[in-house]
Amino acid sequence: MTTGEISVTTARQHYTRTAHRRLLTAAAVTAAVAVLTAGCSSNDGGDNKAAPTSSPGTSAPISASPPASADPQAAEKAKVLDRYAAFWVEAAKAYETGSVNGTKVVFYASDAALNETISDVTKMKQSDTAMKGAPGHRAEVSALTVSGDRPTATISDCLDLSTWQIVERSNGQVLPYPTEQPMRYVTEFDAMFLNGQWWFTKFVRHGDRTC
């Protein structure tokens with residue numbers, strides 16, 4: 001192996017250990033996440049549909065667990081989870097293509113969530129890496145306040161990386177996760193109801209909380 005090849009390999013290993021730990025160690029995408037995600041502007045009318053985001057080890061879509069008869073907030077929680085699932089579909093596209101352009105990420109998130117997603121996606125592209133596939137989820141609305149001018153919600157999710165691969169953008173070669181990277185960990189997303197929609201404004205990856 002030449003000195004140049006060693007430098008490239010070392011740089012990619014460093015990216016995997018640092019930027020990806022920030023991106024994936026418990027998001028995307030982005031997106032995340034995600035990562036993640038977008039401005040407080042009006043909806044285009046087509047992003048309210050639930051997107052099929054897998055639970056760990058399954059292909060079941062994210063959905064609200066309590067029936068409406070048992071939980072008076074079930075209907076609103078379902079709307080939050082629908083937006084969350086749709087966000088992740090778009091965030092996964094951004095992490096694969098290296099840009100939020102051409103996705104609907106900006107219709108689902110804003111503020112820190114959007115800025116961090118864009119930053120993570122950009123760094124991956126600069127490092128010649130991308131994410132293929134999509135993460136699995138086991139999400140629930142852990143907090144919901146619908147009173148006041150700005151209703152808020154918190155989503156707690158068990159993010160599963162086993163179906164989301166790091167690849168070298170130039171040749172598609174699969175790159176390993178760091179050995180210390182948990183493949184399932186807890187993430188939390190904050191959401192705010194604004195302009196008739198739920199927007200994801202912030203997310204935290206809890207790398208020390210496996211699930």
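In the predicted model, the side chain of Arg83 is positioned over the face of Trp199, at 5.4 Å from the ring centre.

Contacts between aromatic rings were examined next. A pair of aromatic rings is described by the distance of the centres and the angle of the planes. The count of aromatic pairs comes to 11. For Phe87 and Trp88, the ring centres are 5.6 Å apart and the planes meet at 65°; because planes over 60 degrees apart count as edge-to-face, the pair is assigned to that class. Both Phe87 and Trp88 are buried. An edge-to-face arrangement is also found for Phe193 and Trp198, with 5.3 Å from centre to centre and 65° between the planes. In this pair, Phe193 is partly exposed, its relative accessible area being 27%, whereas Trp198 is buried, with a relative accessibility of 2%. One aromatic cluster is made up of Tyr84, Phe87, Trp88, Tyr95, Trp164, Phe189, Phe200 and Phe203.

The largest nonpolar core comprises 35 residues, of which Phe87, Trp88, Ile155, Phe189 and Phe200 touch the most other members. Two or more residues of this core come from each of α3 (74-97), α4 (111-126), β2 (139-145), β3 (152-160), β4 (164-168), β6 (184-194) and β7 (197-210). The greatest contribution is that of α3, with nine residues.

The surroundings of Ile155 were then considered. When neighbours within four places in sequence are left aside, the contacts of Ile155 include Val80, Leu81 and Tyr84. Also in contact with Ile155 are Ala139, Glu140, Val141 and Ser142, together with Thr187, Glu188, Phe189 and Phe200.

Conventions: Residues numbered from 1 in each chain as written. Predicted model: local features only at pLDDT ≥ 70, side-chain atom pairs only at ≥ 80, totals over all residues. Heavy atoms only, no water. Phe/Tyr/Trp six-rings, centres within 6.5 Å; stacked < 30°, edge-to-face > 60°. Buried < 20%, exposed > 50% of the residue type's maximum accessible area, 1.4 Å probe, protein only. Lys NZ or Arg CZ within 6 Å of the ring centre and 35° of its normal. Core = buried A, V, L, I, M, F, W, Y, C linked by side-chain atoms within 4.5 Å. Helix = DSSP H or I, 4+ residues; strand = E, 2+ residues; numbered from the N terminus. Contact = heavy atoms within 4.5 Å.
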